[in-house]
Amino acid sequence: MSGIYKIYHDSHRLMHEATLVKGARFPRCRQCGLRVKFSLARSIQDDHLIPPFQPTAILEPYEQEESGLGAAI
Ligand SMILES: [Zn+2]
């Protein structure tokens, strides 16, 4: 579901929030990886109001873990 999610980390960072669009995979934490937990705080009905997820200093797109492995960059 699209909306604002509370994001709980594995003790290295306090809870924070991010907007995520329905159907997108939850981002991964750069530090605690898949141990990060997401909890919907407020749903948003109109997906067009939500900007696409932008990687931050804390979060990266989930897909990067798989597609980035072994890539020659
Ligand atoms: Zn984390």
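**Reading a predicted chain: strands, sheet and core**

Mentor: Let us begin with H9, which sits in the loop between β1 and β2. Helices (H or I, at least four residues) and strands (E, at least two) are DSSP runs, numbered from the N terminus. The model is predicted: local features need pLDDT of at least 70, side-chain atom pairs count only at pLDDT 80 or more, and totals for chains, interfaces and linings use all residues. Residues are numbered from 1 along each chain as its sequence is written.

Trainee: Is H9 buried, exposed or partly exposed, and why?

Mentor: A residue is buried if 20 or more other C-beta atoms lie within 10 Å of its own, exposed if 12 or fewer, and partly exposed in between, with C-beta atoms placed from the backbone. H9 counts as partly exposed because it has 17 C-beta neighbours inside 10 Å.

Trainee: Which residues is H9 in contact with, leaving aside its neighbours within four places in sequence?

Mentor: Two residues are in contact if their C-beta atoms, placed from the backbone, lie within 7 Å. On that basis H9 is in contact with C29, C32 and V36.

Trainee: In what order do the elements of the chain run?

Mentor: From the N terminus on, the order is β-β-β-β-β-α. The chain thus holds 1 helix and 5 strands.

Trainee: Which strands form the sheet, and in what order?

Mentor: Strands pair if DSSP finds at least two bridges between them. Here 3 strands form an open sheet in the order β2-β1-β4, with antiparallel pairing. The edge strands, each pairing on one side only, are β2 (16-20) and β4 (37-43). From one strand to the next, the twist averages 35 degrees; axes are lines fitted to C-alpha atoms, for helices over the stretch in contact, and angles run from 0 to 180 degrees between N-to-C directions.

Trainee: How many bridges join β1 to β2, and over how many do β1 and β4 pair?

Mentor: Strand β1 (residues 3-8) is joined to β2 by 5 bridges, and I7 stands opposite H16 in β2. The antiparallel pairing of β1 and β4 extends over 6 bridges. In β4, S43 is the bridge partner of G3, and L40 stands opposite Y5.

Trainee: How many of the residues in β4 are buried?

Mentor: The count is 0 among its 7 residues, and β4 is hardly covered. S43, in this strand, is exposed because 11 other C-beta atoms lie within 10 Å. Beyond four places in sequence, S43 touches M1, S2 and G3. The C-alpha atoms of S43 and S2 are 5.8 Å apart in space, while the residues are 41 apart in sequence.

Trainee: Which residues make up the largest nonpolar core?

Mentor: In soluble globular proteins, nonpolar side chains tend to be buried together. A nonpolar core is a set of buried Ala, Val, Leu, Ile, Met, Phe, Trp, Tyr and Cys residues joined through C-beta atoms within 7 Å. The largest one here has 6 residues: Y5, I7, L20, C29, V36 and L59. In the chain as a whole, 10% of the 73 residues are buried. Leaving aside neighbours within four places in sequence, Y5 is in contact with E17, A18, L20, F38, S39, L40 and A41.

Trainee: Where is F53 found, and what does it touch beyond four places in sequence?

Mentor: F53 is in the loop between β4 and β5 (59-60) and touches L20, A24, P27 and P61. F53 counts as partly exposed because it has 18 C-beta neighbours inside 10 Å. From C-alpha to C-alpha, F53 and A24 are 8.6 Å apart in space and 29 residues apart in sequence.
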